[in-house]
Amino acid sequence: MARAFGPLLIALVVAFCLAFLPLWVSGYILGLLTTAYYFGVFSMAWDLLFGFANEVNFGPTFLIGLGAYTAGILDSLYQPPIAVCVAAGALAAVLGGVVLALPALRVRGPYFGLTTLVAVLILQNFIVVFADLTGGEIGLTVPDVISVSDKVNYWIALGFMSFSGLVLYGLSRSPVGLILQASGQDAVQAGALGFNVVKHKLASFIVSAFFSGLAGALMVFYLGVASVGTFVDIAVGVQVIVGAVLGGRRTILGGALGAIFLIGAGELLRPLGDLSNFIVSAVALVVVLVFPGGLMGLLGGSREAA
Amino acid sequence: MKALEIEGLTKRFGGLTAARDISFSVEGGEILGLIGPNGSGKSTVMKSILGVERPTSGSVRIKGVEVAGWPPHKIARLGVGMVFQHSRPLHRQTVLENIALALTPDSLWRLLPDPATMAKARAIAERVGLSGVLDRKPATLPFADLRRIELAKAIARDPAVVLVDEPFAGLTARETGAFSELIAEMRHDGRAVLIVDHNVKSMASLADRVFAMYVGERIAEGPPQAVMNDETVRRVYLGGALTTASRPESAFKDAATPFLEVEGVDVFYDRAQALEKVSLHVHQGEFVAVVGLNGAGKTTLFNAISGLIPYRGVIRREGRSLAGVSPASIAAGGIVQAPEGRDLFTDMTVAENLDMGALRLKAGERTERLDWLFDLFPRLKERLRQTAGTLSGGEQQMLTIARALMTKPDLIILDEPTLGLAPIVMEQISKALERLRQTTDITVLLGEQNVTFALPHADRVYVLEHARIVWEGPPGRFAEEAGGRYI
């Protein structure tokens, strides 16, 4: 088993080193990385579904948005402690995830993905229609933030990403993770081994929804604003997906790497204006086409490939 | 109480009755062989036992418990193990971890590997002969070992009933012997074993009883020898007697410049030579068979003719070299292949697949051509609105040939049309080929390892062995001069 935990050890050492970054770099870069870390959690949670349950969830932002808006609306209405708002956000994402997954897991093939895509559009329309409650297209300003210190926000995001990575990675390598992988690979053969495929896929959906919703809620209290463009839009979901695939399918930790790479590269190329998006997308495409193992595959050589 | 009891099992898919009123039982310590040609319904029966298909009516009992309509995982936990023909192991996990997976309880809270499970997995691996490769990844193992992993997974939970799907497909003679012993061991352990396969021959020495099916119904049941001698079974499997009716080469008009000439062709894959100085020719209107075992180079030869792979040497059509002509132009020019893998558009209907072959035809020609094809393969007309993926293997083969014929080819290349087909289906295809030969002036190049299928139609036969043509002549002389190794 030591072999399987090698990447985790490296990742934790890297995370430990990153914790000292606030001593060196500007608040602007810290802010950028804070957002990137939350996106890292989005991508890792998505890889659990794509890489292991073998289900393409086109609606990661449905889960993220549910978490973010539930936490934000609760805070703007009643101002309970932030921890309560965040917990409520995570819970809402899990409930929404179950409501979405139960019928969606009954349909086969591409229909699961389409169902999740439609869920995003429904949430987006809901937010726009009930503008009194949600802030609509302008966005919802929450009265509280966790901290005004960019250093504290940075450490919270880094700690949260490390914790999420640890749990998700551990889960993926555990016996129950192997059952999930077998269920995703061939449902008939997994069933013949006595595994309830729907139960395991549903459980993975709940775990993925929990981390997506939790990350979304925490990010609201970092940004102080919840808006469709940040949390729900299809483009945000695409970035989460590209981050996960770029990092390497079925690696979990690759999701964090890919998300940070996307946001970092976008920032470095910002002087190029609109061209920067194009270049980042093109690089992502090349990596995905030429190295199907993603960035993790590149780092680990051929060991992790296939 | 029998370990497995099936009573009055019927399964319908829409209008098609895949299994009708099937009843049999298997006791612990007994091996029952379930045989039948492709499309006979034996897979449907197997899937109904597994819970993958829900029976339309009838009963499936495991250890006396009625399980018809249960989901697969519940049936599996009650005591049914399955040895799949195609293994899908987890590729990042080792052999041992793959076997341990089969021992893992279906719980969401099993977060740490259980040492006892690992020890048990090790013991099972040893029983099936995998102890030498425990820490290897499945991708690095030979095919026979992958089958052993499947077997280990199937018996991991100590099932009372084990289903085995085509256990010997793709195994060498020696591996077949070893695998037979492993299956016999299951009987010795008191399990009820159901082997599903095409014919009796492979399991004659292994099965205690055999149950034979044909087009969804039971046709015979009894000891292997009795079923092999059963009249109905013989008719289904062996069909009618075959005679050859070859025409001499001088009967063809283009004696000086044959329609297709292959001269001294070499093909290399990396360093391995797939064809070595291969020369052959086909006259206009002639039916030529290239006979050879798997890996002899038949498909390579056909791909070279179709321009799909690079080669050294010369291939000429009506005297003009095909070197540098694109595969699309060669096909459009009338040299059309019905490939071994069938390459159908599985999500399209039969009609749509045929239309893909008719793209170059005029509207009137298309209808006329279709009528002719339906006359040749009446089965396809019945299945016109069905998607190609839902056809049986034999029907798919008919569609592949029909689609190639749809293009009005000058030369049709048939690569292993009988691959994986039961004798009765071969017979239907054989009859269609015979009519094709007698009623049209089409030119056919057939690649086959099934000599009894190829010989009756052929005007001339080439034998391809280890990349080289080793014999050439009329089918009448084949048995005497080259047959010993092939029949």
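Trainee: Why is Q79(A) called partly exposed?

Mentor: Q79(A) has 13 other C-beta atoms within 10 Å. A residue is buried with 20 or more other C-beta atoms within 10 Å of its own, exposed with 12 or fewer, and partly exposed in between; C-beta atoms are placed from the backbone. The count of 13 falls in between, so Q79(A) is partly exposed. One caution on the source: this is a predicted model, where local features need pLDDT of at least 70, side-chain atom pairs count only at pLDDT 80 or more, and totals for chains, interfaces and linings use all residues. Residues are numbered from 1 along each chain as its sequence is written, and chains are lettered from A and ligands numbered from 1 in the order in which they are written.

Trainee: Where does Q79(A) lie, and what is its phi?

Mentor: Q79(A) sits in the loop between α3 (60-78) and α4 (82-104) of chain A. Helices are DSSP runs (H or I, at least four residues), as are strands (E, at least two), numbered from the N terminus. Phi of Q79(A) is near 45 degrees, a positive value in a residue other than glycine.

Trainee: What makes I252(A) buried?

Mentor: I252(A) has 32 C-beta neighbours inside 10 Å. The cut-off is 20 or more, so I252(A) is buried. I252(A) is in the loop between α12 (234-247) and α13 (253-268) of chain A. Its phi is positive too, about 60 degrees, and I252(A) is not a glycine.

Trainee: How do you know that A192(A) is buried?

Mentor: A192(A) has 26 other C-beta atoms within 10 Å. A192(A) belongs to helix α9 (residues 187-192) of chain A.

Trainee: Which residues does A192(A) contact, leaving aside neighbours within four places in sequence?

Mentor: L50(B), P72(B), A76(B) and M82(B). Contact here means C-beta atoms, placed from the backbone, within 7 Å.

Trainee: How many residues does each chain bring to the contact?

Mentor: Chain B brings 24 residues and chain A brings 20. On the side of chain B that touches chain A, α2(B) gives the most, with 4 residues.

Trainee: Why does the radius of gyration of chain B agree with a compact globule?

Mentor: The radius is taken over C-alpha atoms, and the globule rule is 2.2 Å times the number of residues to the power 0.38. With 487 residues, the rule gives a value near 23 Å; chain B has 25 Å, so the two agree. The C-alpha trace of chain B spans about 75 × 50 × 45 Å along its principal axes.

Key: Contact = placed C-beta atoms within 7 Å.
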